[in-house]
Protein chains: 2
Amino acid sequence: MRLSNMLFVTLREDPAEAEIPSHKLLLRAGYIRRIGSGIYAYLPLMWRVLQKVSQIVREEMNATGAQECLLPQLQPSELWKESGRWDTYTKAEGIMFAFPDRQEREVALGPTHEEVITTIARDMIRSYRQLPVHLYQIQTKFRDEIRPRFGLMRGREFIMKDGYSFHTDEESLKKTYQDMYQAYSNMLRRSGLKFRPVEADSGAIGGSGSTEFMILAEAGEDEVLYTEDGQYSANVEKAVSLPPDAEPSPFTSYEKRETPNTPTIDSLSEFLKCSPTQIVKNVLYQAIYDNGMTVLVLVSIRGDQDVNEVKLNNELVKLAEQYNAKTLLSLTVPDATAQQKWASKPLPLGYIAPDIADDYINSTPPNPPLVRGGTGSGEVAPSVTGGTEASPQSGTSPLDKGGQGGVIPQFLRLVDKTAVDLKNFVTGSNESGYHVVGANWGEQFQLPKIEVDVRKAKIGDRAIHNPSQTLQSARGIEAGHIFQLGTKYSKAMGATYTSESGEECPLYMGCYGVGVSRLAQAAVEQSYDKDGIIWPVMIAPYHVIICVPNVGDIEQMAAAEKLYAELNKAGIETLLDDRNERAGVKFKDADLIGIPYRIVTGRSLKDGKLEVVERATKKSQDIPLDKVVSTLKDWINAALQ
Amino acid sequence: MRLSNMLFVTLREDPAEAEIPSHKLLLRAGYIRRIGSGIYAYLPLMWRVLQKVSQIVREEMNATGAQECLLPQLQPSELWKESGRWDTYTKAEGIMFAFPDRQEREVALGPTHEEVITTIARDMIRSYRQLPVHLYQIQTKFRDEIRPRFGLMRGREFIMKDGYSFHTDEESLKKTYQDMYQAYSNMLRRSGLKFRPVEADSGAIGGSGSTEFMILAEAGEDEVLYTEDGQYSANVEKAVSLPPDAEPSPFTSYEKRETPNTPTIDSLSEFLKCSPTQIVKNVLYQAIYDNGMTVLVLVSIRGDQDVNEVKLNNELVKLAEQYNAKTLLSLTVPDATAQQKWASKPLPLGYIAPDIADDYINSTPPNPPLVRGGTGSGEVAPSVTGGTEASPQSGTSPLDKGGQGGVIPQFLRLVDKTAVDLKNFVTGSNESGYHVVGANWGEQFQLPKIEVDVRKAKIGDRAIHNPSQTLQSARGIEAGHIFQLGTKYSKAMGATYTSESGEECPLYMGCYGVGVSRLAQAAVEQSYDKDGIIWPVMIAPYHVIICVPNVGDIEQMAAAEKLYAELNKAGIETLLDDRNERAGVKFKDADLIGIPYRIVTGRSLKDGKLEVVERATKKSQDIPLDKVVSTLKDWINAALQ
């Protein structure tokens, strides 16, 4: 391709809209153009990169026996209602574009395709003899992100490969899952990327096990914890570890102490000269379920530990059924406005005890009377609140705008494993400026009946598989995610097969996604310098760029044209910068767009040589004219292995 | 690919949802699956066909120097408001999905991309030195069709190649347009299709000239008129021709005649013993503009001719400005309910005179008084109706639900060229059961001031380029459409370049679309028999299918496996039907899915031969084992030329 024929425009300045290097560079180098918030046009250079990534993905998928198809982007709401995810995706996470069509039927733009593929499987799969089967597609997906950012990293429209496999049983699913683990590793390796597979949270997709493939980069939105021995790596959202041992408590008897200005664990442990490991921290959350039910959740956890809100969210989703709800709409730390709706007086933040309900949370129903959930000991007890009918209403009743009273929430106490075995611990008193010391479960406070693991693993923790290993931390960009879904969707949507023994069984299912457009930008995030992008050869839009320093020089142009023809003939993808621009501009542009090899038809021509510069290293060498094509072919083939 | 590993399910019965053969066959043969109204999943066999069509399109586009890119499917409403098409696409035609995002900003799903590409061109093109440039994409498009039907032919989601070229001037645009004409012809020829390029109406896309590429098939939604000499072909919507000569009128003096039961031209000409060519037919339409203005349009046309509503629509769009409107929302023949809003008494349908306004259309404004447009002679006269402010309101004022009176519409008379020169003609009298004869323009009736060509050309008409040629008719499926847009979008959106002489000029623009998924189905519509699909070799999902009559027969399976490996090695795309099914089922399925060549590893094996059956002709021949691969390779290569 001749640059003179391309719509090729580079920018000298960083665009104001971009925050991270890869986003800036893709905009500056003319790969992408912003059309709206989180919406980009892929210009011809970018499209070539995306096609190369797609082709690598396709080859790796086909090699496993998966078959390519294309599913619709418009999805009828009925399918999502069958699976039970309509509310989660349109309300709770709210990331699905949904709207009525001209017949006033709700449709959505697919962010993922479990529902569509399951309905196809339900129609087409009858017998175990048709299994396993694996379909995938490479397609533009949509997410109405709250905060689209970082260009293609978190756009509202992006390209994904998503695949779905169906199986007779878990063993067959696990085999395909392993194949995908390998295929995904191959894809990322073949795209020239440094990456790490990590244990992951399955989120709204669901299922039992999942692995994320993280492209390592400083700008990554995810934190990965791993051990040096290579035996463990996990997204911090999912990571587990051994907490440090608790120190013995210096307090031997129960006592209320004045502890002024100690709302934080640090200030409190300093004031009391005790270890944070001897404090029980009580963190209050407000959960709202899809039936309108508000649940105040008080989590007691050891003072030196933090709550992992993804784990907490998962625990609360598990409890949805107990609240007659299907899904959790939101989980927040209640701010002052939220507190007004149910707090009988201002909360003693920083001084909360393991049970706050009786002291601070409205138990007097406003008019009309509403049934209050929970008991004094703070257990989950929707079944004793006066009936399932009343409960959902308590969250949706009109609020008392006067501030005090109104919503009567349910109250739920949870204890993290780290806080269960503490003795003579320090904790809040429900009174500002005061804590208690020497407290014990079963004495001053009831141990919450629900014990959970919602602790956030962190750098420096000991690994569970080998306590002599400590967790390290790295930043990553999630490029792929593979899931063992099990029978979640097939059961919800009635997708079954007839087994060899004639039984009707639910299909086992896996799903596997890789972000093609995100991966392409992540490659830049992992590989650039002050002058621009450094594409891995495998996914570079072109392998070679020929820069003609002076297009008015007949000899230079003739050499360039001859070389251009020869390189094209040899299957080397080549750009010819035949623009009427200064050599300096051309070199700057070549560096910026990041083509792996630059050939200059300049001074060395008189010695029968061409200057070849490697973009990554900036190393330059003069190569005899008749050796240039074969040398480049060797280099490129070596890189593509 | 082994059929045993594919999600391969065929249906014996025609699905109820399908009306035309290609739709039935694609469903039955497991190529597509309906997910919702006008929404289909492309299963692996279909996806291979679509990929092949796409690749042919891509190669032909790249050969012209066009560059592939990918533009967003989500489009901000602002762009469409800039071009002035937001209302046309969301209201008038209403075919664009549009909805608010989570920030309550209107976005739409692109049915076409003139706005997006023009905004990119506006940003990136500065100088004549960057021109011409041509970008294209292959992408799923969306249309919220009123009546989705015929499978992929008129779906709500479909795959298009759309390209957009930018130029300094009309000459450069015309050159690319010609290149596209050739490229489109190549694409269709290389896809193995019988087609015809035809002159076309440009519709809501706009611009000066356009050509449609029609795939000829009985089930086509479009009618094509053409001449045998190959010099003329046009969509009936656009076609022009010479009308038959009018016969001399038998009437010499003006007279009102009782003509009972003659509401049609046929009954009237029979009753009066005159030729339809001596009758002036007056057809009443109701046009509603986007500002709410209702215009009653009375078209006078020669009795033997019909009104082409696409041409009439175009004429009325041109008049929008005169009604202070931007676009036409609807054009209908007013039914009884519509008539009630403005008719002062029941219309004498079938007996309407060239002016009906004074007799039948309310001129007494209801309370509050509204200004009535038009005069007794029925001219377009919005400028004398009492001000532009009042006019739009006349169409949107609350209706008098009593039936009589309410909306006071504008009234507009148009005369088709065929009716202008008639003398002593027959026409309506505005009284049921009566016509007038021997009428003349300028005597009993004013000739409408606006003369138009809204006549429908039809089979048997003489061609304009050569009156000895008569128009023939054929049905076609519109697979492609190329447009010379000129400066319509660049002027509306301010997309300019600096010319060689330093002037700021609007970009000239062309756009070129081909329906990839529609083309694929049209190929089936053009090529099938009672047993199933007959794919052209060029776009068949596989070239060869090997049917093993008995998979339990070791010799048969061994021969099949050997052949399968050899064919794959030779680059021949092969399906292996290794399912444990009866031979009859396999042969039926092979015919149904339409693979060009079927090889049977059956009885002929004992003679060292394989039976090869050509799908299209059903011709069978036994070919020696060692000649099968080379013979097939020759046949396939010959077909792909």
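Across the interface of chain B and chain A, four salt bridges are found, a salt bridge being a side-chain nitrogen of Lys or Arg within 4 Å of a carboxyl oxygen of Asp or Glu. The model is a predicted one, in which local features need pLDDT of at least 70 and side-chain atom pairs count only at pLDDT 80 or more, whereas totals for chains, interfaces and linings use all residues. Residues are numbered from 1 along each chain as its sequence is written, chains are lettered from A and ligands numbered from 1 in the order in which they are written, and side-chain values use heavy atoms, with hydrogens and water left out.

Arg156(B) forms a salt bridge with Asp101(A), with 2.8 Å between the closest N and O atoms. The contact between the two chains, defined by heavy atoms within 4.5 Å, draws 59 residues from chain B and 59 residues from chain A. Together, chain B and chain A bury about 5200 Å², of which 62% lies on carbon and sulfur atoms; buried area here is the accessible area (1.4 Å probe) that two parts lose on being put together, summed over both. Leu7(B), Arg102(B) and Met124(B) supply 15% of the area that chain B buries against chain A, more than any other three residues.

Over all chains, the count comes to 84 salt bridges. Within chain A, Glu114(A) pairs in this way with Arg85(A), the closest N and O atoms being 2.8 Å apart. This pair links distant parts of the chain, 29 residues apart, with Glu114(A) in helix α5 (residues 114–124) and Arg85(A) in the loop between α3 (77–83) and α4 (86–92); helices (H or I, at least four residues) are DSSP runs, numbered from the N terminus.

Two helix contacts in chain A involve helix α14(A). The axes of α2(A) (residues 44–63) and α14(A) (residues 516–526) come within 9 Å and cross at roughly 110°, where axes are lines fitted to C-alpha atoms over the stretch in contact and angles run from 0 to 180 degrees between N-to-C directions. The two helices are therefore roughly perpendicular to each other, a term for angles of 65 to 115 degrees. Met46(A), Val49(A), Leu50(A), Val53(A) and Ser54(A) of α2(A) meet Val516(A), Ser517(A), Leu519(A) and Ala520(A) of α14(A), a contact with seven nonpolar, two polar and no charged residues; Ala, Val, Leu, Ile, Met, Phe, Trp, Tyr, Cys and Pro count as nonpolar, Asp, Glu, Lys and Arg as charged, and the others, Gly among them, as polar.

The axes of α1(A) (residues 21–28) and α14(A) come within 8 Å and cross at roughly 105°, which makes α1(A) roughly perpendicular to α14(A).

Methods
Parallel < 35°, antiparallel > 145°, perpendicular 65-115°, else oblique.
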